[in-house]
Amino acid sequence: MGKRLVLVGGGHAHMMTLANLGGFLGKGHQVTVIQPSDFHYYSGMGPGMLGGFYQPEDIRFATRHVVEKQGGRFVLGRVVRIEAAQRKVVLEDGSTIAYDVLSCNAGSHVPQTAVRGGMEGIFAVKPIERLMAAQARLLELAGRGRFSVAVIGGGPSAVEVAGNVWRLLRDHGRHPADIHIFAGRKLMARFPESVRRKALRSLQGRGIHILEQGYVKEVATGRLTLESGEQHEADFIFLSLGVKPSAIFQESGLPVGPDGGLLVNRYLQCPGFPEIFGGGDCIYFLEQPLDKVGVYAVRQNPVLLHNLLAALEGGHLQPFSPGGDYLLIFNMGDGTGILRKRRLELDGRLAFLIKDYIDRRFMKKFQAME
Ligand SMILES: Cc1cc2nc3c(=O)[nH]c(=O)nc-3n(C[C@H](O)[C@H](O)[C@H](O)COP(=O)(O)OP(=O)(O)OC[C@H]3O[C@@H](n4cnc5c(N)ncnc54)[C@H](O)[C@@H]3O)c2cc1C
């Protein structure tokens with residue numbers, strides 16, 4: 001007798017499972033995929049889309065199409081709760097979907113606790129599809145006169161976003177903008193000094209200001225306040241702070257890690273709920289904390305594909321091994337990149353070309369637009 005597999009989110013860790021739904025359906029199982037958009041956007045190319053180097057259609061996976069063309073069921077919606085005892089998920093509209101096996105790849109979000117009032121003129125770097133609205137707003141401002149952009153955050157996404165805002169306005173803006181990165185105490189503090197210097201040189205060389213006087217305490221439309229009480233005005237604010245896993249697990253009373261991510265063991269399976277699996281930014285891997293990078297989500301793909309089928313069919317589970325150090329390449333927005341893996345570092349045009357090649361190859365493999 002077939003069973004019901006439900007996937008929450010068609011994110012980066014579900015790519016292989018989505019591409020191989022036929023294998024599940026062929027064995028008589030029903031597959032339902034729930035996602036708030038017909039498409040899933042590839043974060044690695046998000047800043048490049050913001051800068052106008054990629055078009056939105058270059059960086060999105062056709063999730064609904066992939067599911068439906070194989071005979072699966074796609075539900076446009078957002079899961080708000082998992083009722084694990086009853087084995088069902090609850091959607092925003094109050095409807096429920098029952099499962100025998102559940103896999104969660106619902107990603108992460110940028111916390112907005114520092115925001116006071118509404119979000120007018122304030123954009124978070126996730127979800128990636130919101131970068132399209134950010135781009136439109138930036139171009140609208142650039143059509144009116146000189147204006148200021150504040151990017152809050154000191155990590156790679158702040159660096160990439162600032163560099164690509166610069167590119168967008170260079171290529172399409174009628175008026176220049178003053179771009180400031182509010183980088184906390186130190187830009188790229190998690191990285192070796194040599195990487196930090198490369199990023200500083202690239203950004204400052206283009207007139208992007210980097211402030212390292214302290215963390216931003218409060219953000220409101222048109223204004224931000226530092227811990228010291230110092231205030232700065234900005235016409236456009238990007239929140240590029242670290243991400244937090246989807247809140248649905250905590251709200252569902254499921255086992256979670258210190259960051260609120262769904263707790264999973266080496267089989268990417270939730271302890272106490274062997275029928276619940278997960279991957280990507282929304283999990284907390286019990287064996288060792290993992291950075292919130294797409295690289296791990298991508299590496300989890302074959303294990304999730306195998307284990308979901310094994311859980312449905314009663315086979316052996318495979319353990320996930322995070323692997324060693326990973327390659328990172330930052331898109332600086334001016335046609336150059338900064339590449340880092342272990343002791344290898346490279347900046348310049350070649351680094352960006354390598355990133356572009358890897359990202360386009362990944363898209364081609366799973367995009368499935370036809
Ligand atoms: C600007 C930026 C650039 C980055 N660049 C890189 C990079 O170059 N390399 C790298 O390794 N990492 C990069 N990262 C990190 C990377 O974004 C994450 O690690 C990666 O997105 C994690 O993938 P994911 O599939 O778990 O989550 P997500 O990409 O967040 O995908 C989650 C999916 O689940 C869906 N979803 C969300 N909530 C629900 C819900 N409640 N119900 C149903 N569906 C839901 C979403 O619509 C989405 O499709 C970058 C991050 C940012 C912000």
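Which residues does Val243 touch, not counting residues up to four places away in sequence? In this predicted model, local features need pLDDT of at least 70 and side-chain atom pairs count only at pLDDT 80 or more, while totals for chains, interfaces and linings use all residues. Numbering runs from 1 along each chain as its sequence is written.

Val243 sits in the loop between β18 (236–239) and β19 (244–245), with helices (H or I, at least four residues) and strands (E, at least two) taken as DSSP runs numbered from the N terminus. Its contacts are Ser108, His109, Val110, Lys126, Asp281 and Lys292; contact here means C-beta atoms, placed from the backbone, within 7 Å. Val243 counts as buried because it has 20 C-beta neighbours inside 10 Å, and the cut-off for buried is 20 or more other C-beta atoms within 10 Å.

Then there's the largest nonpolar core, with 111 residues, where Val151, Ile152, Ala162, Val165 and Ile237 touch the most other members. Such a core is a set of buried Ala, Val, Leu, Ile, Met, Phe, Trp, Tyr and Cys residues joined through C-beta atoms within 7 Å. Domain 1 (4–36 + 77–109 + 243–313) and domain 2 (122–242 + 327–366) both contribute residues, so this core lies between them; the bounds come from an automatic or database domain assignment.

Conventions. A residue is buried if 20 or more other C-beta atoms lie within 10 Å of its own, exposed if 12 or fewer, and partly exposed in between; C-beta atoms are placed from the backbone. Two residues are in contact if their C-beta atoms, placed from the backbone, lie within 7 Å.
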